[in-house]
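Let's take a friendly walk through this chain, one region at a time. Have the sequence and the 3D view ready to look at.

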Amino acid sequence: MTRNLTRSREYLARAQQSLVEGVNSPSRGAAVYAPGPIFLERGRGSRVWDVDGNEYVDFMMSFGALIQGHAHPKIVEVVSKGVAEGSHFAAATPAEAEAAARFQRMVPSAQAVRFANTGSEATMLALRLARAHTGRTKFLKFEGHYHGWYDPYCLNGHGHPIEQLGPPENPAKIPDSEGIPASVFEDVIVAPWNDIPRLEAILAKQGSQLAAIITEPIMANMGCIPPRDGYLQQVCNLAHRYGALFILDEVVTGFRYAPGGCQQFYNLKPDLSTFGKALGAGFPIGAVAGPRAILDRMRWSEHMVLHYGTFNGHRLTMNVVAANLDLLSADGGYRKLFAIGDAAIAGLRDVFRRRDVQAVVQGFGPMFQVYFTTRDAIHDYRDYCQYVDTAKFSRFVHRLHDQGIYMTPSNGLHWIISTAHTERDVEALLAAADQACAELS
Ligand SMILES: Cc1ncc(COP(=O)(O)O)c(C=O)c1O
């Protein structure tokens, strides 16, 4: 290690006295960032600085929340003005109407939208709506997909040895957390992703009991695994054949691949879709969008679908959402995200080839992941569990940290391009990757 991390280590010791592992989420602690996390203090554009003054190009971007990079001048202006007027009223505001109108213009399936505070809240609400709408309880999720930390979603979301996964036609249910009653998982059916024949077989047995099939459009919690051609449309058709809703979880992909997210990019018509992350440009947000026939179930009545929340439609956040969506609607933003991302992907592939490192770079445009593997591609969770050297990825990223590149060492996440990234940042990444490869071999 060449950087000075003295103050990061001091902060870790201090934070550990009052926080579990010194952090507020296990994905940020020493288990991922061994021997300890880098304590970040400041960000601007594509850059962050740690408490020891080390500068990094940030390719994690708050797990994708920072689509405009750090401290975008427009966001800073909106927040500074808004906070001086009162941050939140938990009452009707013009701010939420403005944010919702912009959201509706951009997301094709949004006859209506409901704002919450996190992606987890959004997926929680989507499932409740689906259950109310269909009168059914069970739902289907895919292996390796993450939809937040609500009880029924918390299974088969972490990597495990292949022997533990059970047969793909009937995957073993592996809880991601203690403290969830086993009975919760009786209502969950798990299927392998990117595999229509196996999904058809599972649905033939249990499809008529399903309220919903929920899927990420691009599998983003085992790195970055794109869907096979036509796969998502086939999943949607199958859901409908069995009377289930098709829920597209766009918490990662929303507002990233196109103004209308992956539903626009892949020309899909989900019954419900969920959003978070990039929608809030760094502020806590979640959203559920869909047709009136489903969302209106939340109207006040004896039989309503309940969704309360003191911070729903948080005024300051709504101001940020509106400003962020205006910025994203301006011409050229998505072209730039794709150009920078594709240059980084092509450049990394070139570095690995020249350095004779067996690795694939998967994804396109604004999101991608590196897998150290002897395979040509990683198609699903089982490939990820069997063929990806996640420890090598962690070593690679730790070396990149020394070269001024910030990224999580967890292979399950993904590299994120924001509108703040430049060609210079890509050059810095490629030079650092080249050096890291030299040190790895
Ligand atoms: C696909 C997906 N859905 C839902 C969530 C939950 O979002 P949040 O962390 O905002 O609760 C995440 C978070 O990473 C996610 O990746």
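## Threonine 274, tucked inside

Threonine 274 has a relative accessibility of 0%, so it counts as buried. Here, buried means under 20% relative accessible area, exposed means over 50%, and partly exposed is in between, using a 1.4 Å probe and protein chains only. Before going on, note that this is a predicted model: local features need pLDDT of at least 70, side-chain atom pairs count only at pLDDT 80 or more, and totals for chains, interfaces and linings use all residues. Residues are numbered from 1 along each chain as its sequence is written, and side-chain values use heavy atoms, with hydrogens and water left out.

You'll find threonine 274 in strand 9 (residues 272–275). Strands (E, at least two residues) and helices (H or I, at least four) are DSSP runs, numbered from the N terminus. Which side chain does the side chain of threonine 274 make a polar contact with? That partner is aspartate 249, at 2.9 Å. A polar contact is a pair of N or O atoms within 3.5 Å; within protein, one must be able to donate a hydrogen and the other to accept it, and residues adjacent in sequence count only if both atoms are side-chain atoms. Leaving out residues up to four places away in sequence, threonine 274 also touches others, including Ala122, Thr123, Leu248 and Val288. Contact here means heavy atoms within 4.5 Å.

## Rings that pair up

A pair of aromatic rings is described by the distance of the centres and the angle of the planes. Rings of Phe, Tyr and Trp (its six-membered ring) pair if their centres lie within 6.5 Å; planes under 30 degrees apart count as stacked, over 60 as edge-to-face and the rest as tilted. By this rule the count is 23 aromatic pairs. Take phenylalanine 142 and tyrosine 231: they are edge-to-face, 6.5 Å centre to centre, with 65° between the planes. This pair links distant parts of the chain, with phenylalanine 142 in strand 5 (residues 138–142) and tyrosine 231 in helix 9 (residues 231–241), 89 residues apart. Phenylalanine 142 counts as buried because its relative accessibility is 0%, and tyrosine 231 counts as buried at 2%.

Now look at phenylalanine 368 and tryptophan 415: their ring centres are 6.0 Å apart and their planes are at 5°, so this pair is stacked. Phenylalanine 368 is in strand 12 (residues 367–372) and tryptophan 415 in strand 14 (residues 415–416), so the pair ties together parts 47 residues apart in sequence. Both phenylalanine 368 and tryptophan 415 are buried. There is also an aromatic cluster made of Tyr257, Phe265, Tyr266, Phe338 and Phe364.

## Charges over rings

Arginine 42 lies over the face of tryptophan 49, 4.3 Å from the ring centre. In this sense, a charge sits over a ring if NZ of Lys or CZ of Arg is within 6 Å of the ring centre and within 35 degrees of the ring normal. Arginine 375 has its charged end over the ring of tyrosine 387, 3.9 Å from the centre.

## Helix 15 and its surroundings

Helix 15 (residues 390–402) has 13 residues and reaches 19 Å from its first C-alpha to its last, close to the 18 Å expected at 1.5 Å a residue. The expected span is 1.5 Å times one less than the number of residues. Its buried residues are Phe393, Ser394, Phe396, Val397, Leu400 and His401. Seen down the axis of helix 15, these buried residues fall within an arc of 160°, so they line one face of the helix. The arc is that of the directions from the helix axis to the C-beta atoms.

Where is aspartate 389 found? Aspartate 389 is in the loop between helix 14 (381–387) and helix 15, and at 33% relative accessibility it counts as partly exposed. A polar atom of the aspartate 389 side chain lies 3.0 Å from the backbone nitrogen of lysine 392.

A cis peptide bond joins alanine 34 and proline 35, with omega about 5°. Proline 35 sits in the loop between helix 2 (30–33) and strand 1 (40–44).

Asparagine 194 is not a glycine, yet its phi is positive, about 65°. Alanine 281, also a residue other than glycine, has a positive phi near 45°.
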